[in-house]
Amino acid sequence: MTSERNAHTSDRMELDGNAAAGDFSNIFANDVTTVTIHCDGCGAEQLFAQARVYLGGPGTVLRCRGCDAILARLARTPRGTWLDLSGSRTWMFTAPV
């Protein structure tokens, strides 16, 4: 796990989920920073804003703080926007107050 993690962090700067909130909020038409994400890899629950984010590749990657598994990937191409949530079990959006 450590060498895999170093491969992710050696060439890209790690940020928190707030760095990706704009792109994901545009897709969901909702503020995603308070969304609770359930990791499919380790079962950890975390707020979107607490996830590890990597920008600057072919897309935006969200990783679990618990096990470093990919929670979500977002990429924009000339054909459209690609969203992969296969690394997460659930996304819980809180009801508006």
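A: The side chain of Arg52 reaches the backbone oxygen of Arg65 at 3.3 Å. That is a polar contact, meaning a pair of N or O atoms within 3.5 Å; within protein, one must be able to donate a hydrogen and the other to accept it, and residues adjacent in sequence count only if both atoms are side-chain atoms. This is a predicted model: local features need pLDDT of at least 70, side-chain atom pairs count only at pLDDT 80 or more, and totals for chains, interfaces and linings use all residues. Residues are numbered from 1 along each chain as its sequence is written, and side-chain values use heavy atoms, with hydrogens and water left out.

Q: How far is the Arg52 side chain from the backbone oxygen of Cys64?
A: A polar atom of the Arg52 side chain lies 3.4 Å from that oxygen.

Q: Is Arg52 buried or exposed?
A: Buried, because its relative accessibility is 12% (buried is under 20% relative accessible area, exposed over 50%, partly exposed in between; 1.4 Å probe, protein chains only).

Q: Which side chain does Ser86 contact?
A: That of Asp84, through a polar contact of 2.6 Å. Ser86 counts as exposed because its relative accessibility is 54%.
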